[in-house]
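Work through the exercises below with the sequence and the coordinates at hand. Each task is followed by a solution in steps.

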Amino acid sequence: MGISLSSARCEEIKKIVVDLFAQYGVSCVPVNSFELATKMGVKIVPYSAISEGKRWLLFKKSEDGFCLEKNRGEWFIYYNDRKDYGRINNTIFHEIGHIVLDHSEDSELAEKEVKFFAKYALVPPVLVHKLGLHDPEDIAARFEASHEAARYAYSYYQKWLQYGGTEYTSYEIKLLKLFREVA
């Protein structure tokens with residue numbers, strides 16, 4: 001079955017995402033991982049910018065992307081620019097998650113955390129609710145998410161509603177204030 005995140009850890013990660021958006025002035029939909037990474041000072045490098053002779057090393061590391069700290073505090077995210085935008089945006093958020101959550105090594109727990117981080121950053125359920133989106137297709141179109149990510153986001157939104165989502169938490173209220181122009 002593997003490792004699962006506690007609800008307390010999920011709440012911490014959601015607060016981290018919202019605080020990050022507030023810190024860097026992220027306030028529009030679709031949420032753009034390139035914008036956030038740039039504001040954070042993270043350098044973003046497409047695989048195609050690397051010479052063909054060395055590009056195979058990138059694919060060996062990951063088909064999608066990865067992050068690397070070259071000097072203390074100098075972060076780079078390398079990503080496969082042959083993927084569609086929705087997948088790339090998710091990959092960049094995934095790697096931002098590794099940086100922000102201060103993961104120093106690969107582990108099943110670290111991967112669970114960054115997958116949750118990326119899912120929440122890409123499509124926060126409270127924004128799905130505010131925008132009145134009713135299905136994965138609406139989510140994919142409005143958030144420029146891949147169809148796979150939109151299906152996961154819709155499922156997560158349904159669970160959010162089921163467990164009292166419309167009784168907003170303090171971080172959801174903060175997020176709604178950030179995105180007040182959305183709708």
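**Exercise 1.** In this predicted model, find which residue of strand 3 is the bridge partner of K43, and state how the two strands run.

Solution. 
- Step 1. K43 belongs to strand 1, residues 43–46.
- Step 2. Its bridge partner in strand 3 is F76.
- Step 3. Strand 1 and strand 3 run parallel and are joined by 4 bridges.

**Exercise 2.** Describe how strand 2 pairs with strand 3, and what lies between the two strands in their hairpin.

Solution. 
- Step 1. Strand 2 covers residues 65–71 and pairs with strand 3 in the antiparallel sense, over 6 bridges.
- Step 2. One of the paired positions is E69, whose bridge partner in strand 3 is W75.
- Step 3. The hairpin has 2 residues between the strands, and G73 takes a positive phi near 85° there.

**Exercise 3.** Decide how far strand 3 is enclosed by the rest of the structure.

Solution. 
- Step 1. A residue counts as buried under 20% relative accessible area.

**Exercise 4.** Determine how the buried residues of helix 9 are arranged about its axis, and what covers them.

Solution. 
- Step 1. In helix 9, residues 170–178, the buried residues are Y171, E172, L175 and L176.
- Step 2. Viewed down the axis, these fall within an arc of 145°, so they line one face of the helix.
- Step 3. S170 and K177, on the other side of helix 9, are exposed.
- Step 4. The cover over the buried residues includes helix 1 (7–24), helix 5 (108–122), helix 6 (125–131) and helix 8 (147–162).

Conventions. Residues numbered from 1 in each chain as written. Predicted model: local features only at pLDDT ≥ 70, side-chain atom pairs only at ≥ 80, totals over all residues. Heavy atoms only, no water. Buried < 20%, exposed > 50% of the residue type's maximum accessible area, 1.4 Å probe, protein only. Arc of directions from axis to C-beta. Contact = heavy atoms within 4.5 Å. Pairing = 2+ DSSP bridges.
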